Amino acid sequence: AMRVPATVSAFGDVVVDGRPRNPVGRTGLQGRGLLGAWGANCAVDIVLARWKLDASGQPLERDGRRVLEFLALRRVDNNMWALPGAIQGTAGGALKAIMKKAFGAENQFLPTKLRNDITTMQATLEAQAQLFYHGYVDDVRNTDNAWMETRASYFLDEAGQFRKLQLMECSDKVTREVAWITAHSRLVLFAEHSDLLRRVVEELGGYW
């Protein structure tokens, strides 16, 4: 029987002989494996970034390049820092979720001005976040017939809007904490997130 891929792959038509076939190569594993669907399982990853400032409020530089900070979540299951995102869905949905988790969007107990700043920030993100990668993800769960891909977007807060917002103390079944983390090449992140972060830093000409 035809196993139809769950989402459209970045590689186009990937069905061969009635089954989705991993476009990157053989893995030695057949079937759907541990993934939720046959074919491309497309995640959403978000890099929310700002330039790191020194004690005087000026952009911090290393080797003549500005240093980037990004919003990260520490996962409960493995205690690793990760980019915000979703296992499926849209960038807009993932942005709404991270604004709610990190900054308390939709929290009616926050001061009115802060709620307005959060609403403005959310609208800015949805309008200006840029897709920078759509493709294959090297995931240990990938098989010959099911694999991870991602649509990764980034937003650089040049205007300093994030500095008006206060990070919430976040603790739930998935996330242990949320923080602004300094981007650098020795940083170890969950899954392929270090590579996605590197792509953004290099595109922006930042320190890595």
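1. Phe 162 has a relative accessible area of 1% and is therefore buried, the cut-off being 20%. In this predicted model, 4 aromatic pairs are present. In one of them, the ring centres of Phe 155 and Phe 162 lie 6.4 Å apart with the planes at 80 degrees, so the arrangement is edge-to-face. Phe 155 is likewise classed as buried, at 4% relative accessibility. Ring pairs join Phe 103, Phe 155, Phe 162 and Trp 180 in a cluster.

2. Two arginines place their charged ends over aromatic rings: Arg 66 over Trp 51, 4.1 Å from the ring centre, and Arg 75 over Phe 190, at 3.9 Å.

3. The whole structure contains 11 salt bridges. One of them pairs Asp 172 with Lys 101, with the closest N and O atoms 3.3 Å apart. This pair connects distant parts of the chain, 71 residues apart: Asp 172 belongs to the loop between strand 10 and strand 11, and Lys 101 to helix 1. Asp 172 is partly exposed at 36%, as is Lys 101 at 25%.

4. Asp 139 and Arg 141 form a salt bridge at 2.9 Å between the closest N and O atoms. Here Asp 139 is buried at 14% relative accessible area, whereas Arg 141 is partly exposed at 30%.

5. Within helix 3, Asp 195 and Arg 199 are 4 residues apart, about one turn, and their side chains meet in a salt bridge of 3.3 Å.

6. As to confidence, the protein averages a pLDDT of 93, and 97% of the residues score at least 70.

Key. Residues are numbered from 1 along each chain as its sequence is written. Side-chain values use heavy atoms; hydrogens and water are left out. pLDDT is the predictor's confidence in each residue, from 0 to 100. Rings of Phe, Tyr and Trp (its six-membered ring) pair if their centres lie within 6.5 Å; planes under 30 degrees apart count as stacked, over 60 as edge-to-face and the rest as tilted. Buried means under 20% relative accessible area, exposed over 50%, partly exposed in between (1.4 Å probe, protein chains only). A charge sits over a ring if NZ of Lys or CZ of Arg is within 6 Å of the ring centre and within 35 degrees of the ring normal. A salt bridge is a side-chain nitrogen of Lys or Arg within 4 Å of a carboxyl oxygen of Asp or Glu. Helices (H or I, at least four residues) and strands (E, at least two) are DSSP runs, numbered from the N terminus.
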